[in-house]
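Please examine the structure shown here.

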Amino acid sequence: MLPINHPIRAEHMQELAPEQIDTLVQHAINARQMAYAPHSQFDVGAAVWIPEGAIVTGCNVENASYGLTICAERAAICTAVNEGYQQFQAIAIATAGGASPCGACRQFLSEFRCDLQVIMVDVLTGARQIRRLSQLLPDAFDADNLPIH
């Protein structure tokens, strides 16, 4: 495993193959079924592809104090970090409508890899959009913006 301050660059990582994307999307759809969203009724599932081939999932967990809600994307990344992973190749996000990650999740994901492949899937129609995180969050605030210690 590479240290977090040595992220994998796009030129060192291949795109996911179509069958890998299908697998990742199915994991995100399955994770969505575990969502706890009694306030918004907006269930979200996420699945991250680890370069070694592992998949880690997460779902949104709401709170009556909305600011304490945990998004599926952050839940998946936190679980992966807890399992010892710090490098991510792609993330699939499953929602009704195929929503894009919120701003907080975009920033959170950028901590690990700004050129992450983001697959947004609409569970109602099956439609997919694939973008790079750098497209969704240009000029991200990252470690390069911090003063040297």
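Helices are DSSP runs of H or I with at least four residues, numbered from the N terminus. D139 is found in the segment after helix α4, and α4 covers residues 133-136. The model is predicted.

Q: What makes D139 count as exposed?
A: The cut-off for exposed is over 50% relative accessible area. D139 has 80% relative accessibility and therefore counts as exposed.

Q: Which phi does Q41 take, and where does Q41 lie?
A: Q41, also not a glycine, has a positive phi of about 60°. Q41 lies in the loop between α1 (18-32) and β1.

Q: Why is L146 called partly exposed?
A: Buried requires under 20% and exposed over 50%, with partly exposed in between. The relative accessible area of L146 is 43%, so L146 is partly exposed. L146 is placed in the segment after α4. From C-alpha to C-alpha, L146 and P38 are 38 Å apart in space, and they are 108 residues apart in sequence.

Q: How do you know whether α2 and α3 are roughly parallel or roughly antiparallel?
A: The axes of α2 (residues 72-82) and α3 (residues 103-110) cross at roughly 25° and come within 9 Å. Angles under 35 degrees count as roughly parallel, and α2 and α3 are therefore roughly parallel to each other. Their crossing is left-handed.

Q: Which residues of α2 are buried, and what covers them?
A: The buried residues of α2 are A72, E73, A75, A76, I77 and A80. Their cover includes β1 (45-49), β2 (55-59), β3 and α3. Just after α2, G84 takes a positive phi of about 100°.

Q: Why is the pair of F88 and F112 called edge-to-face?
A: Ring centres must lie within 6.5 Å for a pair, and planes over 60 degrees apart count as edge-to-face. The centres of the F88 and F112 rings are 5.4 Å apart and the planes stand at 75°, so the pair is edge-to-face. The pair links distant parts of the chain, 24 residues apart: F88 is in the loop between α2 and β3 (90-95), and F112 is in the loop between α3 and β4 (117-122).

Q: What makes F88 and F112 count as buried?
A: The cut-off for buried is under 20%. F88 has 1% relative accessibility and so counts as buried. F112, at 11%, therefore counts as buried too.

Q: What makes the pair of F108 and F112 tilted?
A: The angle between the planes is 55°, and the centres are 6.2 Å apart. Stacked needs under 30 degrees and edge-to-face over 60, so the pair falls under tilted. F108 has a relative accessible area of 28% and is therefore partly exposed.

Q: How many aromatic pairs does a search of the whole structure find?
A: The search finds 2 aromatic pairs. F88, F108 and F112 form one aromatic cluster.

Methods:
Residues are numbered from 1 along each chain as its sequence is written. This is a predicted model: local features need pLDDT of at least 70, side-chain atom pairs count only at pLDDT 80 or more; totals for chains, interfaces and linings use all residues. Side-chain values use heavy atoms; hydrogens and water are left out. Axes are lines fitted to C-alpha atoms, for helices over the stretch in contact, and angles run from 0 to 180 degrees between N-to-C directions. Helices (H or I, at least four residues) and strands (E, at least two) are DSSP runs, numbered from the N terminus. Angles under 35 degrees count as roughly parallel, over 145 as roughly antiparallel, 65 to 115 as roughly perpendicular and the rest as oblique. A crossing is left-handed if the near helix is turned anticlockwise from the far one by less than a right angle, and right-handed if clockwise. Rings of Phe, Tyr and Trp (its six-membered ring) pair if their centres lie within 6.5 Å; planes under 30 degrees apart count as stacked, over 60 as edge-to-face and the rest as tilted. Buried means under 20% relative accessible area, exposed over 50%, partly exposed in between (1.4 Å probe, protein chains only). Contact means heavy atoms within 4.5 Å.
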